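Okay, thanks for coming, everyone.

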Amino acid sequence: MAPLPGRDESRAALFQLLVAELLIGSVGVFVHESGQDAVTAVFYRCLFGGLFLLVLGLARGYLRGLWQDRTLLRGAVFSGILLVLNWVALFAGMARSSIGVATLVYHFFPFVMLILAALLQGERTHPVDLAWTLLGFFGVVCSANPAKLWHDADTSYLIGIGLTLLGAVLCGASLLMSRQIGRERPFALVMIQCWVGVLMLAGFSSSGVFHLGTHWLWLVGLGVIHSGIVYMLFYSSYPRLPVVTIAVVAFVYPLVTLLLDYLIYGHRLEPVQLVGLGLIVVGTLGVNLKWRFGRRVAAT
């Protein structure tokens with residue numbers, strides 16, 4: 001059995017994860033500003049992310065001996081397929097609903113991770129930590145302003161929500177698998193996943209992208225920032241943190257998304273959404289500071 005990470009290592013992993021969540025919160029803005037359909041956006045996300053990681057990996061020697069690691073290669077390909085399909089489903093869901101709403105609904109994925117970790121890996125979660133996670137998810141529901149969404153829903157919108165939920169299931173399964181196989185070589189793992197996406201989507205991306213414009217800057221950003229940098233941070237931090245911590249810190253993502261949605265596109269937050277944001281913050285603090293009902297317990 002692998003030894004548990006020390007306190008300093010866990011804190012470093014938590015910091016990496018927080019930075020990754022802050023960065024990934026802007027992914028919807030990059031997709032929207034690129035003006036591309038979901039498949040095209042994901043293809044170039046994978047292409048530019050894969051090129052960035054390939055060049056960096058060759059320059060720094062991160063890829064030595066990669067082809068001999070058959071376990072990593074198999075796991076990276078399978079988890080990569082799930083990850084790429086998840087991105088397509090999420091971006092298609094955003095196009096049919098909105099950046100903010102799709103991102104909030106997408107945060108069903110931490111529960112997928114918790115359920116699969118319990119069923120497939122036997123990982124136990126403290127009941128109080130699970131309660132903080134549920135509180136954070138309730139905050140996500142409130143942030144989506146469910147009464148207004150129900151009143152305004154149409155067929156296209158409901159399809160978008162369904163696609164987003166599908167993306168959440170695929171994301172939870174892919175991230176849990178990546179957490180299991182990516183402890184030693186997170187850089188190689190995310191690079192392979194990007195190239196899996198390139199091979200999967202090469203024949204399906206739109207040719208309308210081939211003209212000069214600022215859309216290329218947004219697509220390069222999707223690859224370098226949101227695939228290269230963010231997923232290296234994800235995969236290097238996941239193996240050193242319990243699933244429940246990953247699940248609750250993930251709620252930082254919708255918090256950032258809602259704030260950007262307001263600051264950039266002027267979408268105001270309703271009172272119920274502000275309450276939701278507060279619950280997300282409390283849930284995140286509760287699980288990471290080891291709060292217990294009636295008393296506060298120092299992290300061990």
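Before we start, one term: I'll call a residue buried under 20% relative accessible area, exposed over 50%, and partly exposed in between, with a 1.4 Å probe and protein chains only. Two bits of housekeeping. This is a predicted model, so local features need pLDDT of at least 70 and side-chain atom pairs count only at pLDDT 80 or more, while totals for chains, interfaces and linings use all residues. Residues are numbered from 1 along each chain as its sequence is written, and side-chain values use heavy atoms, with hydrogens and water left out.

Helices, by the way, are DSSP runs of H or I with at least four residues, strands are E runs of at least two, and both are numbered from the N terminus.

So, which residues of α5 are buried? The list is Ile 99, Gly 100, Val 101, Ala 102, Thr 103, Leu 104, Val 105 and Tyr 106. That's eight of eight, so α5 counts as mostly covered.

Let's stop at Thr 103, which sits in α5, residues 99–106. Thr 103 counts as buried because its relative accessibility is 2%. A polar atom of the Thr 103 side chain lies 2.7 Å from the backbone oxygen of Ile 99. For contacts, meaning heavy atoms within 4.5 Å, skip the neighbours within four places in sequence and Thr 103 has Met 94, Tyr 253, Pro 254 and Thr 257.

Now over to helix α9, residues 155–181, where we find Ser 178. Buried or exposed? Ser 178 is buried, because its relative accessible area is 0%. Its side chain makes a polar contact with the side chain of Gln 193, at 3.1 Å. A polar contact here is a pair of N or O atoms within 3.5 Å; within protein, one must be able to donate a hydrogen and the other to accept it, and residues adjacent in sequence count only if both atoms are side-chain atoms. Leaving out residues up to four places away in sequence, Ser 178 touches Ser 79, Leu 189, Gln 193 and Tyr 235.

Next, the outside. Arg 64 is in the loop between α3 (38–60) and α4 (70–96), and with 66% relative accessibility it counts as exposed.

Last stop: Leu 259, in helix α13, residues 252–265. At 39% relative accessibility, Leu 259 is partly exposed.
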